[in-house]
Amino acid sequence: MAYIQLEPLNEGFLSRLSDLLLCRWTCRHCCQKCYESSCCQSSEDEVEILGPFPAQTPPWLMASRSSDKDGDSVHTASEVPLTPRTNSPDGRRSSSDTSKSTYSLTRRISSLESRRPSSPLIDIKPIEFGVLSAKKEPIQPSVLRRTYTPDDYFRKFEPHLYSLDSSSDDVDCLTDEEILSKYQLGMLHFSTQYDLLHNHLTVRVIEARDLPPPISHDGSRQDMAHSNPYVKICLLPDQKNSKQTGVKRKTQKPVFEERYTFEIPFLEAQRRTLLLTVVDFDKFSRHCVIGKVSVPLCEVDLVKGGHWWKALIPSSQNEVELGELLLSLNYLPSAGRLNVDVIRAKQLLQTDVSQGSDPFVKIQLVHGLKLVKTKKTSFLRGTIDPFYNESFSFKVPQEELENASLVFTVFGHNMKSSNDFIGRIVIGQYSSGPSESNHWRRMLNTHRTAVEQWHSLRSRAECDRVSPASLEVT
C-alpha cells in the first residue's frame, strides 16, 4: 500500500500545527489512520485518499516556515510534482523521500496562496438581483415607502359612519356635571331591574328636569316657552321593539312614573344597550328630539338593580320615526282580485297630547296616475300600537296589474278638525322605496299566496318627491 507521510518541518509549536493541518490521510481498506503502512497491504493502483483535502496553510504560517529554511535557495527551487512513492523493503520510507514530499507540498500551497489577496479581510456586499442597466429602478413600489403621519392616517376616516353620535367620543371622558354644563339639555331619572323568575327586564322612567325650551324649525310652533316631553325606550340594537311614555304638557320638569317590561333572556340583556330618548311633542309640526341617554347593560348589576340621574346628550336623530305598518298582499289571477290585509301598526307618531292617538289607515288604488278606489279601516282610540286585522279587496284585471299602485296613509282621527297626518307608503308601479318595491315583486311572483311585510312610514313630502301616485291622493 502506498502512503505519503508528511513529517513535521520543525520542532515545537509549528510541527504540531503542521501535523494537525496536513496529516489527514486514511487507509482505504481499514478506514484507519496509519502512518507506518502496517495495517494492510495492497497494490499501488488501489491507493485512494478518502479523507478531505488537507486544509490550506495560511500565509502567515508559510512565511514562518520559509524563514526557518537555510538560505534563499528554498524560495527559488522548482516545484516537484506530488506522486505516491513505493515503500522500502523494510516497510518504511526513507527520511529524504519524506522531506522531499513535504517540501513539494509546501511549495504548491505557497504558490496557491500567492495568487490570493494578501489581506485576510473579507468584504461581502449585498447581492442585487435584476437586469443591469444604466439607471437602477427601485424594486418596491414607491407607495409602500411613503411615511404616514397620524394626521394623514386619521384624516381619511369619516366618524359619522362608525358611530350613532359624532360627540360620543367626547362624552365618554366627561362626567355628568360636565355634560350638563356643556350641552345644557337637562337630566333624566330612571331605574332598571331584571326579574330572573319571569325572565324580563323592567325599565322605570321616573322624571326629568331642566329641559331646554322648545325649538321650532318652521315657525309653526305657538308656545315657545314650554315643552311637551315624552320618553321613548328601546334596547339597542333593536329599535323596532320600543316603548313610549305619555306626553306631559307644558313643563320643563316632567314626572312620568311609568314602568315598561321587555321579555328578554338574561344573557341577551347583558349584550344590549338601554337607550332613552326624550322627545318634544308638537301637534302642528314634527316632533323634535331633545336629547338621549345610553347605558350599556353589561356595566350594570341587573339583578340588584339601581337608580340613575344621567345628563342628556345631543342625538344625531333630530326627528323621531313615524312608525311601522304590517301589510299582507295577495293576487288571484282567475278572479282578477287584489286582496289587501292591514294587520297592525306599531310605534306610530303620537298626535294627541292626552290620549296618544286614534289612528286609522286609508287605502287608495291608483291606476297609472288616476285614483280609482278609496277604502279605510276603523280607528282605534288612545293607542300608538293598533291591531286592525281588516281585509280589503280591489278588482284589478291581470293586464292592468303592472300599472297599479296602492297608497297607504295613516291618520290620527280628530273630531274637531281635519285628521292628523302620521305617515304614508306607496306599493306598486310607483313605489316609494326599495322595501315597497320588493314587497310588490314578491306578490307578483307568488300568485294565490299571501305575502306579509313590515314597512316604515314616510313623510308626505318624501312620498310626493319619489312617487307620482302620492300626488294623486289626499
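Predicted model: local features only at pLDDT ≥ 70, side-chain atom pairs only at ≥ 80, totals over all residues.
A charge sits over a ring if NZ of Lys or CZ of Arg is within 6 Å of the ring centre and within 35 degrees of the ring normal. The charged end of Arg209 meets this criterion over the ring of Trp309, 4.4 Å from its centre. The charged end of Lys243 likewise sits over the ring of Phe262, at 5.8 Å from its centre.

Residues are numbered from 1 along each chain as its sequence is written, and side-chain values use heavy atoms, with hydrogens and water left out.

I turn to the aromatic residues. Rings of Phe, Tyr and Trp (its six-membered ring) pair if their centres lie within 6.5 Å; planes under 30 degrees apart count as stacked, over 60 as edge-to-face and the rest as tilted. The structure holds four such pairs. One of them joins Phe360 and Phe411, stacked at 5.8 Å centre to centre with 25° between the planes. This pair links distant parts of the chain, since Phe360 lies in strand β11 (residues 359–367) and Phe411 in strand β14 (residues 404–412), 51 residues apart. Helices (H or I, at least four residues) and strands (E, at least two) are DSSP runs, numbered from the N terminus.

Phe411 also pairs edge-to-face with Phe421, at 6.0 Å centre to centre and 80° between the planes. Phe421 belongs to strand β15 (residues 420–428), 10 residues from Phe411. Together, Phe360, Phe411 and Phe421 form one aromatic cluster.

Phe360 is buried at 4% and Phe411 is buried at 8%, whereas Phe421, at 23%, counts as partly exposed.

Finally, the sheet. Four strands form an open sheet in the order β13-β10-β9-β16, with antiparallel pairing; two strands pair if DSSP finds at least two bridges between them. Strands β13 (387–395) and β16 (451–456) stand at the edges, each with a single partner strand, so one side of each is left without a neighbour in the sheet. Six bridges join β9 (residues 324–332) to the antiparallel β16. Leu326 stands opposite Trp454 in β16.

Technical notes. Buried < 20%, exposed > 50% of the residue type's maximum accessible area, 1.4 Å probe, protein only.
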